[in-house]
Amino acid sequence: MRVLVVEDDPMLLDGLKVGLGLAGATCDVVSTCGDAEAALATSVFDAVVLDRMLPDGSGLDVLKRLRERGDRTPILLLTALDETSDRIDGLDAGADDYLGKPFDLDELAARIRAMVRRGAGRATPGLAWGEFTLDPATMTAAQGGKAVALSRREFAVLSALMERRGAIASRSEIEDRLYGWQEEIESNAVEVHVHHLRAKLGREAIETVRGLGYRMGGRS
Amino acid sequence: MRSLRVRLFATLIVATGALWFIAAAWIYVGARQEVEHVLDTRLQEAARMVASLVASGDMPARPKAGEPATSIPGLGGYERQLSCQIWSFDDRLVARSSGAPDEKLSDGGTGFSERVVNGEPWRVYAVEDEAKGIRVLVGDRLGLREKLVADLIKGLLWPAALILPLLGFLIWASVGQGLRPLRLIARELGGRDAEDMSPVDAGAMPSEIKPLTTAINGLFDKVERARRHEREVTAFAAHELRTPLAGLKTQAQIAATAKEPGVRDRALGQVLTAVDRASRLVTQLLALARLDAEAPASTPETAPLGSVIEEALELARATGPARVTLAPDVQRMCVQAPRQPLLLLLRNLFENAFEHSPPDGVVTCRVAGCAIEILDEGPGAPEAELPRLTQRFFRGSTKMATGEGAGLGLAIASAAAEQCGATLSFENRQDRTGLIARITFGQSLVAHNAAAA
C-alpha cells in the first residue's frame, strides 16, 4: 500500500512515515502543496493523507484540483481544524475521510485501509484468493486456514497480486508499492520476494507472465 | 431607601400631604378672619336693626319694675347663633331673645366687647338709644364661631384623608409604570445566556433610560470585541498546539509498538525533541498572554542600556553560537521602560537574530538616533513578508523550511515593545544579506549625562 503524506510539521511527518510504515504502508512524504501536486501528477498512490494548513496554501485547494482532474485517489484530511463545519467543508470538497489532530496512529492506519478497501470496491477487510487469505489490519496471511509467516515486503507483494484478483501486475507496479522515492530499489528485489513467497506458499501460488509481470495462480 | 419606587412614592406622598396641610392652615387662618369679619358685621347690623325696631315700634320703652322682661322670639335658625338683650339705662332688662342669658352681656359703652357669661365667651355689640333710654346688646358665642371654622377645615380635611390613600395608590402605580422600561431591560438581560451580546433595543426606551441602554450596549460591544480577540487567539493557540501534540503522540505510539530497537530509540529521541518544542511553545504562549493581560506602561525604570542588553543576552545565549558586537554608543545610553517587557523584547530579538545567523555570523547591536537596532547576517526576509513578521504564528518562508519555531518570538517582541512605549519594525540590510530589527523609542532613550540631569 503506497501512501502520500502531505504535512508541514517535520516531527509529525517523520512520525507518519515511520508509523504508517510499521502498519505496512509505503509512505512518500512532502510538505507543500506544490510538491504534493507534483507527486500526484507523476505517481499513483493508494491513498493520500493531506494536511489542511500548508505553508504555500490550503490542502483543500489541492484536493479540489485533484477531484477536478477526475482523480479518484482516496484522500484523508488530517488537520488541526477539527470543528464540525471544518469536517463538513473537507468532506464536501471531495475528501473520503477526516481525522483531527492529535490522532491515534492505529486509527489513522485503519481508516486508510478502509478507504483503500472501499476504493477498490470491497466490503470485507480481508483479501481472499483460492486457499489464500490476507488480513491487511494485522498483516497476517494464511494458506488453507494455517498462518504463514511473511516479511513486510513479502506481504506487500502478495497483497498487490491478490488485489488484482488474477490480473497481471507488472514488476514496476509492484516496485511502486514496495518502495517510496527516497528508498533505493535493488534491481531484482521483486524477483527475490516472489521467490521467497513461492518457497513459503508453493510454486503454483504465483505465476510469471513472461515480459509482463506476475499474477496469482489458480482460481478464486 | 434602596428602592427607587419607594423613594419616589414617599417623596411624592410627603410632598402632597405637606402641600395639603399648608393649604389647610392657610385656609384656616383666612377663613377665621373672614368669619370674624362677616359675623361682626352681622352683629352690628342685628344690633342696629333691633335698635331701630325699638325706636319705631310700640315696645314699652320703660317697663314697670317687677314686670318680667318681654321675650323676643328667638332669631332662630342655626342653633340660636345670636342672642339679643335690651337694657334700660337704669339697668333693667327690658327684653331678651329666647335662649339669651339673663346676665348682662356687656357692662357699658357702645361697640364691640368680649365677655365671659355663664362660663362661655361671648362677643357682643352694643347700641344705645338716648331717646328711649335703652341699650341694645347683640352677641354670639365665640364657641360657635370656632365651630364654624372647625367645620370648614374638617370639610376640607376629610376628603383629603379619603383621597390621600387613593392618591398614594395612583402615585405607586404610575411610578411603577414609569419604571417599567427598567424592569423590561432587567428582564431582557436576566433572561439572556452568557453568549448573547446583542445590543439592547434602545428604540422604544424613554429618553431618561437611553443613556443607560447606550452605556450597556457600549459595554457589550467592548466585551464582545475582547472576547472575540481572546477566542481567536485561543483557537489559534489550540490549533498550533495540536500539530506538535499529534507529532508527539505519533512518535510515542511508534516507540510503544516498534519491535526494532533502532526504530524505538529514534522515536524516543523524537518524543523528547517534541516535548521540548511543545514546552517552548507553551512558554511563549504564556508570555504572550501575560503581555496581553498587563496594563500598558507598567512603571518605567531608567536603566543603562548596556546592562539591560547584557542581561537580555544572558537569557538568550542558549539558543545560538553567533558572536555579538555592541556598538560603543550603546554604553552611553540610558533607556526608560518597564524592565520585564524590555528584557523580553531584547531577548526575543536576539534569539531571532541568532536563529537566522550562519554559524560564524555576527549579531550587531547599535543605537541610531532614538532607536536601537539589532542586525544579523542571516538570509533576511522577502520584502513582502517584512510587515507580517510580527503576526502571531506567522512563519517566514525561510523559517518554514526548517519547521522550527511557532512564529511567536517576534509577536512577543512586538507586544513587549508596545508595553515599553516603543515600536518595532524590520528591514533588510543594504550592505549585505541580513535583517535589521529596529526598536524606535520616543523620548525614553537618552544619553547618560542627560538622564543624570
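Trainee: What is the accessible surface of chain B, and what percentage of it belongs to carbon and sulfur atoms?
Mentor: The accessible surface of chain B comes to about 25,100 Å², and 60% of it belongs to carbon and sulfur atoms. Such areas come from the Shrake-Rupley method with a 1.4 Å probe, and for residues only the protein chains shown count as cover. This is a predicted model, in which local features need pLDDT of at least 70 and side-chain atom pairs count only at pLDDT 80 or more, while totals for chains, interfaces and linings use all residues. Residues are numbered from 1 along each chain as its sequence is written, chains are lettered from A and ligands numbered from 1 in the order in which they are written, and side-chain values use heavy atoms, without hydrogens and water.

Trainee: Why does A:D51 count as buried?
Mentor: Buried means under 20% relative accessible area, exposed over 50%, and partly exposed in between (1.4 Å probe, protein chains only). A:D51 has 4% relative accessibility, and therefore counts as buried.

Trainee: Which residues does A:D51 touch, not counting those up to four places away in sequence?
Mentor: A contact requires heavy atoms within 4.5 Å. A:D51 touches A:V6, A:E7, A:D8, A:G59, A:L78, A:T79 and A:K101.

Trainee: Where is A:D51 found, and what feature does UniProt place there?
Mentor: A:D51 is in the loop between β3 (47-50) and β4 (53-54) of chain A. Helices (H or I, at least four residues) and strands (E, at least two) are DSSP runs, numbered from the N terminus. From an unreviewed entry, UniProt gives "modified residue: 4-aspartylphosphate" at A:D51. UniProt positions follow the numbering used here, with shortened feature names, and annotations may be inferred rather than shown by experiment.

Trainee: What makes helix α6 of chain A mostly covered?
Mentor: Nine of the 12 residues of α6(A) are buried, among them A:F155, A:L158 and A:M162.

Trainee: How does the reach of α6(A) compare with the expected span?
Mentor: The expected span is 1.5 Å times one less than the number of residues. Helix α6(A) (residues 152-163) reaches 16 Å from its first C-alpha to its last, close to the expected 16 Å. Just after α6(A), A:R165 takes a positive phi of about 50 degrees.

Trainee: Why is strand β5 of chain B called largely enclosed by the rest of the structure?
Mentor: Seven of the 10 residues of β5(B) (residues 120-129) are buried, so the description applies.

Trainee: How do you know that β4(B) and β5(B) pair, and in which sense do they run?
Mentor: Two strands pair if DSSP finds at least two bridges between them. Seven bridges join β4(B) (residues 111-117) to β5(B), and the strands run antiparallel. B:G111 stands opposite B:A126. In their hairpin, with two residues between the strands, B:N118 has a positive phi near 50 degrees. Eight bridges likewise link β5(B) with β6(B) (residues 134-141) in the antiparallel sense.

Trainee: Why are β7 and β14 of chain B called edge strands?
Mentor: They belong to an open sheet of three strands, with order β7-β9-β14 and antiparallel pairing. β7 (301-304) and β14 (445-447) each pair on one side only. The twist averages 30 degrees from one strand to the next.

Trainee: Which strands does helix α6 of chain B lie across, and at what angle to β7(B)?
Mentor: Helix α6(B) (residues 305-316) lies across β7, β9 and β14, running at about 85 degrees to β7(B). Axes are lines fitted to C-alpha atoms, for helices over the stretch in contact, and angles run from 0 to 180 degrees between N-to-C directions.
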